[in-house]
Structure formats: C-alpha cells, structure tokens
Amino acid sequence: MSNFWDDSLSGFWSAWIIVLTLGSIAFAFWILYANRKTDKVPDADGNVETTGHAADEIEEYDNPLPRWWFQLYVATVIFSLGYLLLYPGLGNFTGLLGWTQEGQWEQEVARAEERFTPIFAQYQEIPIPELAQDAEAMQVAERIYLNNCAVCHGANARGGYGFPNLTNDDWLYGGEPEQIMTSLIRGRNGLMPSFQSLGEGNIERVTQHVLSLSGLEHDAEQAEQGAAVYASVCAACHGQEGTGNTALGAPNLTNDIWLYQAPGQSVADSVRQTLRNGRNGHMPAQEAYIGEERVHLVAAYVYSLRFRD
C-alpha cells in the first residue's frame, strides 16, 4: 500500500484525520441505527404517544424514522466510504485511483496543448501586421488577452491608473510590432525618481512648465522659471521639448495624456505628486506564462487595437 500514501502530514495528524472522519461517520450511523425503531405501541385508536416536545402547538410523535429515509442514509454512508477509498480524503491516504487535482489539471493542459499548439504555431509564422487583419485569429487572441492582460489594462484595453491605454498612439516603449513583442516577452520596469530634493518651490515651477508643454492652463511666470530646472533634471529622459523617449520608457509630456492621473484629480496635482514621490511601473514578462506562440498572437491583437473604431 506504500504507493497510496504521501508525506504531506505527520503520522499523528494523518491518523487523527482518519480516526475523526471515520469515527464521525460511524457515530452518526449508530445514532440513526439505534433510533430506527421505537418501543411505543399505538393504542386501540392507533394513536402514538408524543415525545413531549411541541412548537407552535404542534406536538412531536414518538415515531421511528421512515424506512426509506434510513435506507437512503445507509446508501450515503456506503457512497462516502467508497469515495474515501478511491479518492484522497483520509489523511495521507491518496486513494486507490491516485487522483490529484494537480494531476487532473496537468492532463487537461496537456490535452489543450496537443490540440491548440499546431494552431498557434501556424499563427506564429504570420507577420504581426498581417495577423492583426485575421478576424478569426484576433478572436483567439482576444480570449488570451482577456485571461492574462485585462486585469491591468482593462477588458476594453483602455487602461487605468498606472496602466497604459493600449488603444491610442501614446506608447511608452514604442508601438511597433518588435517593440510590443519585447514588452510582452521581457516585460518592462519603469522608474521615475523622486525629486523631493528640489524643494516645493522648484517642484511647483516644474509643474507649471510641464502643464505648458501640453498647452494646459498654467502660470506663465512660474513656467518660464521652471524651464531651466526642467532642462537640468528632466530633459535627459523626457527630451528638451518634452516629447519623451521610447528607449527609456519616458512619457511624452506634450499630448495631455497622463498615466497617473487618478479619477477626480487635476493634472497639476498628479504632476506634483509624481515629482515629489516618483513612480515605479512594472510590466511582467508574459512568455513564461503563456508561451511564445500566444505572445505573438497577443502582440498582434494589441497592434490591431489602434486601428479599431
């Protein structure tokens, strides 16, 4: 029987679970068995004494359990013992069938891989721009996206606070097929350092300058003063004109698209918060989770989003 036992529990706790489980079943069965009959005899009129219990003026007769009820319980006991013999449920005993939820999951994954891998391999041979035009392939890709990407970027791919909108042309790391593939395969780690050391005065001046880059309402005098500070501490990443740098993942500051603007928050407050506290963005690598073939499909799906109405 050594093949039917594992070492997930100590011997004491395994034995404790076995005794508790089987003991509970046996005790419940004994209670019903002991009460299957009654020594009360109906009188001449067929009446049976009551137990003395009453609720809402309804008295409880001292009758045994109906035979079918008792037999049904016996059947459930037999079923439960058979189940515990075949499947895990008694401590370290794994069951005669050797079934595990992990094993069942692995079998289902293996069947799915056998069925779908040739289809994904076929799609992988098609260039992303061409694949993005294949409606059937994009239906498959959309399901993969919804299962793996929608939790961050949204079911409609329009992103959210801290998660990029994938339906526009504002791409932190570039939106060409090769760049999208790199993001999916390798992941991305964005870092905006804190500039608390500039002091509140300079933070406000840089904020006003950043607002001016997008043509938003701003204090012209402070924006002009902030231009020099911006040039010395911000331009290296975001560019002198504020148009960003896809090689670094530095956002474009001229298009009035703000990744970290919370609902109800003004752009100015969002910029101030970013300058004070910095930002850390992380896009996990997906190849290890979904495989290279599915990454290719998702890349085509994301690439296709910008061309949709």
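Author: Buried means under 20% relative accessible area, exposed over 50% and partly exposed in between, with a 1.4 Å probe and protein chains only. This is a predicted model, in which local features need pLDDT of at least 70 and side-chain atom pairs count only at pLDDT 80 or more, while totals for chains, interfaces and linings use all residues. Residues are numbered from 1 along each chain as its sequence is written, and side-chain values use heavy atoms, with hydrogens and water left out.

Reader: Is Q225 buried, partly exposed or exposed?
Author: Q225 lies in helix α9, residues 220–233; helices are DSSP runs of H or I with at least four residues, strands are runs of E with at least two, and both are numbered from the N terminus. Because its relative accessible area is 38%, Q225 is partly exposed.

Reader: How far apart in space are Q225 and N92?
Author: In sequence, 133 residues separate Q225 from N92. From C-alpha to C-alpha, their separation in space is 72 Å.

Reader: What is the radius of gyration of the protein chain?
Author: The C-alpha trace spans about 110 × 55 × 45 Å along its principal axes. For a compact globule of 309 residues the value would be near 19 Å; the rule is 2.2 Å times the number of residues to the power 0.38, over C-alpha atoms. The protein chain has 34 Å.

Reader: What percentage of the residues in the protein chain is buried?
Author: The chain holds 12 helices and 4 strands. Its accessible surface (Shrake-Rupley, 1.4 Å probe) comes to about 19700 Å², with 55% belonging to carbon and sulfur atoms. Of the 309 residues, the buried share is 30%.

Reader: Which residue in the turn between β1 and β2 has a positive phi?
Author: A54 has E59 in β2 as its bridge partner. The two strands form a hairpin with 2 residues between them. A phi of about 55° belongs to the turn residue D56.

Reader: Is A157 buried or exposed?
Author: A157 is found in the loop between α6 (150–153) and α7 (177–186). Its phi is positive, about 65°, although A157 is not a glycine. With a relative accessibility of 0%, A157 counts as buried.

Reader: What is the relative accessible area of D256?
Author: D256 sits in the loop between α10 (235–238) and α11. Its phi is positive, near 60°, and D256 is a residue other than glycine. D256 is partly exposed because its relative accessible area is 37%.

Reader: Which residues is S270 in contact with, leaving aside neighbours within four places in sequence?
Author: S270 is in helix α11, and at 4% relative accessibility S270 counts as buried. Contact means heavy atoms within 4.5 Å. On that basis, the partners of S270 are Y260, Q261, Q265 and R279.

Reader: Which residue follows α11?
Author: Helix α11 spans residues 267–277, and its buried residues are V267, A268, S270, V271, R272, T274 and L275. Their cover includes β3 (188–192), α8 (199–213) and β4 (279–283). The residue after α11 has a positive phi, near 75°, and is G278.

Methods
Two strands pair if DSSP finds at least two bridges between them.
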